[in-house]
Amino acid sequence: MTQRKVTSALKKIETAYSKGFYLEALLSTYHLNIDLLKLIYSKSGLTRSAEDKKIKVLISELNEEINKDDKLKTLIAKKNLKIVKVWASKMDAYFKVLKHKSPENSKSMYVESQKIFAILNMSAHKIFAQGKRV
């Protein structure tokens with residue numbers, strides 16, 4: 001994941017949302033948030049791979065690692081990780097409803113996903129900035 005990929009994904013998301021494809025914009029934002037979370041996980045110093053893990057497992061392992069390593073507290077705050085965990089639970093519920101019928105809260109979930117993106121993007125910017133200094 002690079003800054004260029006994030007920008008490219010954001011353009012696709014904005015295009016889909018402006019055309020009224022709210023579900024597509026929500027799913028793209030969801031995947032972007034997951035990719036950013038995996039980036040943060042990979043930079044956390046955990047040696048395990050993030051590719052085959054579920055989102056709740058990633059969040060709980062990051063939470064445990066933040067308790068151990070003070071450097072991670074500057075990367076992502078524990079309270080922000082808690083907000084991401086709540087969002088992940090809401091998205092799970094959204095996907096369960098999506099299996100049976102068309103959900104009516106796509107716009108509100110999109111707005112909430114954008115807020116989570118803002119939180120994760122700040123952490124990603126810190127990672128990108130560290131990579132340029134080296």
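1. Asparagine 121 is buried, at a relative accessible area of 13%; buried means under 20% relative accessible area, exposed over 50%, and partly exposed in between, with a 1.4 Å probe and protein chains only. This residue is placed in helix 6. Leaving aside neighbours within four places in sequence, asparagine 121 is in contact with Val6 and Leu36, where contact means heavy atoms within 4.5 Å.

2. On the source: this is a predicted model, in which local features need pLDDT of at least 70 and side-chain atom pairs count only at pLDDT 80 or more, while totals for chains, interfaces and linings use all residues. Residues are numbered from 1 along each chain as its sequence is written, and side-chain values use heavy atoms, with hydrogens and water left out.

3. The protein chain has six helices and zero strands, and its elements run α-α-α-α-α-α from the N terminus on. The radius of gyration is 15 Å, close to the 14 Å that the globule rule gives for 134 residues, so the chain is as compact as a globular protein of that length. That radius is taken over C-alpha atoms, and the rule is 2.2 Å times the number of residues to the power 0.38. Helices (H or I, at least four residues) and strands (E, at least two) are DSSP runs, numbered from the N terminus.

4. Along its principal axes, the C-alpha trace of the protein chain spans about 45 × 30 × 25 Å. Of the 134 residues, 37% are buried. Among contacts between residues at least 6 apart in sequence, 62% join residues at least 24 apart.

5. The largest nonpolar core has 36 residues, and Leu37, Ile55, Trp87 and Leu120 have the most contacts inside it. Helix 1 (3-18), helix 2 (22-42), helix 3 (55-68), helix 4 (71-75), helix 5 (78-100) and helix 6 (106-133) each supply at least two residues of this core. Helix 2 gives the largest share, 10 residues. Such a core is a set of buried Ala, Val, Leu, Ile, Met, Phe, Trp, Tyr and Cys residues joined through side-chain atoms within 4.5 Å.

6. Not counting residues up to four places away in sequence, leucine 120 touches Asn33, Leu36, Leu37, Ile40, Ile76 and Val84.

7. Helix 5 has 23 residues and reaches 34 Å from its first C-alpha to its last, close to the 33 Å expected at 1.5 Å a residue; the expected span is 1.5 Å times one less than the number of residues. Its buried residues include Asn80, Leu81, Val84, Trp87, Ala88, Met91 and Tyr94.
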